[in-house]
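Let's take a quick tour of a protein model. Have the sequence and the structure open while you read.

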Amino acid sequence: MATALAVQSLCIPGFDEYSPDNWCWDSDHKSCDVKLSSNHLAAYFHIDPIFESHGTAGVRGTKGFNEGEYYWEVIFTEPVCGTSVMVGVGTKRALLHMDNYQFIDMLGKDEQSWGLSYKGTIWHNGRRERYCEPFYDTNTKIGMLLNLYTGTLTFFKNGVNLGVAFRDLHKVGEELYPMSSSTAAETEVELGIRSSRKLKLQDKCLSTILRNVSRQDDGAIDVLPLPKKMKTELKEMRS
């Protein structure tokens with residue numbers, strides 16, 4: 001019930017209803033240390049009974065995101081542990097495998113990806129920042145809302161909005177793919193809700209305006225030569 005409410009509560013003015021997406025994990029774009037379920041919705045990391053984990057493994061989704069707003073969930077079906085287990089987004093050039101016992105936070109290691117670690121830190125371009133409390137529990141659901149009109153990536157934990165983690169993703173200039181990575185043996189993640197929606201023409205214009213005014217100062221919106229109703233909608237889209 002919490003996950004359904006998370007999607008239904010994303011009432012950004014001007015958006016049509018969410019439509020289900022049917023993308024899954026990509027068998028052609030993953031580490032050799034990742035195995036997929038028959039429907040490609042579940043990913044299993046480092047499950048070799050002999051070698052276990054000897055590095056960092058990643059997988060990306062089959063669908064790249066460009067214009068629009070996208071919401072999806074990744075469910076941690078086993079307790080999370082180890083140096084790094086992450087979810088996030090990346091370009092086609094994002095790392096998917098590190099060998100030779102390189103146990104790293106792979107999503108966000110460089111400029112090609114943006115990631116959230118189960119330890120509560122977010123990563124991009126080799127830099128980390130404290131973002132939320134760690135999450136260890138079985139069946140924790142991490143939702144991701146990627147808004148490529150405003151350029152933001154927001155994470156949810158079990159339906160609770162954790163706030164904007166990354167900005168300016170609309171400036172990347174190429175498709176972004178959902179991703180997950182792990183250093184830990186027998187990590188299991190499963191895709192849950194996958195959905196998207198797109199702005200109407202008027203709201204595309206509002207979103208463009210919003211990107212070009214201060215994010216923090218309502219006065220920057222108040223002085224625009226626009227009808228009062230449109231100014232109110234701009235403020236609601238920013239909040």
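Predicted model: local features only at pLDDT ≥ 70, side-chain atom pairs only at ≥ 80, totals over all residues.

**The nonpolar cores**

- A handy rule first: in soluble globular proteins, nonpolar side chains tend to be buried together.
- Here, the largest nonpolar core has 38 residues.
- If you want to find the residues with the most contacts inside this core, look for Trp 72, Leu 116, Leu 146 and Phe 155.
- Strand 6 (residues 69-76) gives this core its largest share, which is 4 residues.
- There's also a second, separate core of 7 residues, and Leu 206, Val 213, Leu 224 and Met 237 are among them.

**Leu 36**

- You'll find Leu 36 in strand 3, which covers residues 34-36.
- Leaving aside neighbours within four places in sequence, Leu 36 is in contact with several residues, including Trp 25, Lys 30, Tyr 44 and Val 59.
- Now pick out Glu 190: Leu 36 and Glu 190 are 154 residues apart along the chain, yet 9.7 Å separates their C-alpha atoms.

**Thr 152**

- Thr 152 sits in strand 13, made up of residues 152-157.
- Is Thr 152 buried or exposed? Thr 152 counts as buried because its relative accessible area is 11%, and the cut-off for buried is under 20%.
- The side chains of Thr 152 and Thr 150 make a polar contact at 3.1 Å.
- Skipping neighbours within four places in sequence, the contacts of Thr 152 include Leu 145, Leu 146, Asn 147 and Val 164.
- Phe 166, Arg 167 and Leu 169 are also among the residues that Thr 152 contacts.

Notes. Residues numbered from 1 in each chain as written. Heavy atoms only, no water. Core = buried A, V, L, I, M, F, W, Y, C linked by side-chain atoms within 4.5 Å. Buried < 20%, exposed > 50% of the residue type's maximum accessible area, 1.4 Å probe, protein only. Helix = DSSP H or I, 4+ residues; strand = E, 2+ residues; numbered from the N terminus. Contact = heavy atoms within 4.5 Å. Polar contact = N/O pair within 3.5 Å; in protein donor to acceptor, adjacent residues only side chain to side chain.
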